[in-house]
Amino acid sequence: GGEETEESREEGTEQEGARPSFGIGLVLESWKPSNLSRALNMLGNTREAVKVHSVLKDGSAAKALPAIYSGDLLTHVEDVKITSLHQARQLLRDTAEVHVKLKFVRNQIPYETVINIDRMPASND
């Protein structure tokens, strides 16, 4: 029984950041646009923005009102200003809240929404 295990993973296809955040059905990614200044002038001096890559249709983020859309910029978790993808993930993972208040910007218009975090047993991240 000579089974060949061949890993054919192309270099560079792994997209940094596009992974679901813990139990909320929100996939975030790091966003460093070329014209950072215009997009972020209202977000203060942020070097890295955190953008919604996608919203999983069965996750709690999909039920948020107002709705969260792919492409929205995450600016705050609770009242903590988001400065990096790593920090956003950590805040979402470590929050003890069940209802988490998130602030986003879409087309330069800020909005606020609340999502319920499903506390699932820790899965391998």
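Analyst: This is a predicted model, where local features need pLDDT of at least 70, side-chain atom pairs count only at pLDDT 80 or more, and totals for chains, interfaces and linings use all residues. Residues are numbered from 1 along each chain as its sequence is written, and side-chain values use heavy atoms, without hydrogens and water.

User: What makes β6 and β7 a pair of strands?

Analyst: Strands are DSSP runs of E, at least two residues, numbered from the N terminus. Two of them pair if DSSP finds at least two bridges between them. β6 and β7 (residues 109-116) have eight bridges, so they pair, in the antiparallel sense. One of these bridges joins L102 to T113.

User: Why is D72 called buried?

Analyst: Buried means under 20% relative accessible area, exposed over 50%, and partly exposed in between (1.4 Å probe, protein chains only). D72 has 2%, so it is buried.

User: Why is R106 called partly exposed?

Analyst: R106 has 26%, so it falls in the partly exposed range.

User: How do you know that D72 forms a salt bridge with R106?

Analyst: A salt bridge needs a side-chain nitrogen of Lys or Arg within 4 Å of a carboxyl oxygen of Asp or Glu. The closest N and O atoms of D72 and R106 are 2.8 Å apart, so the pair qualifies.

User: Why is D94 called exposed?

Analyst: D94 has 52% relative accessibility, so it counts as exposed.

Notes
Helix = DSSP H or I, 4+ residues; strand = E, 2+ residues; numbered from the N terminus.
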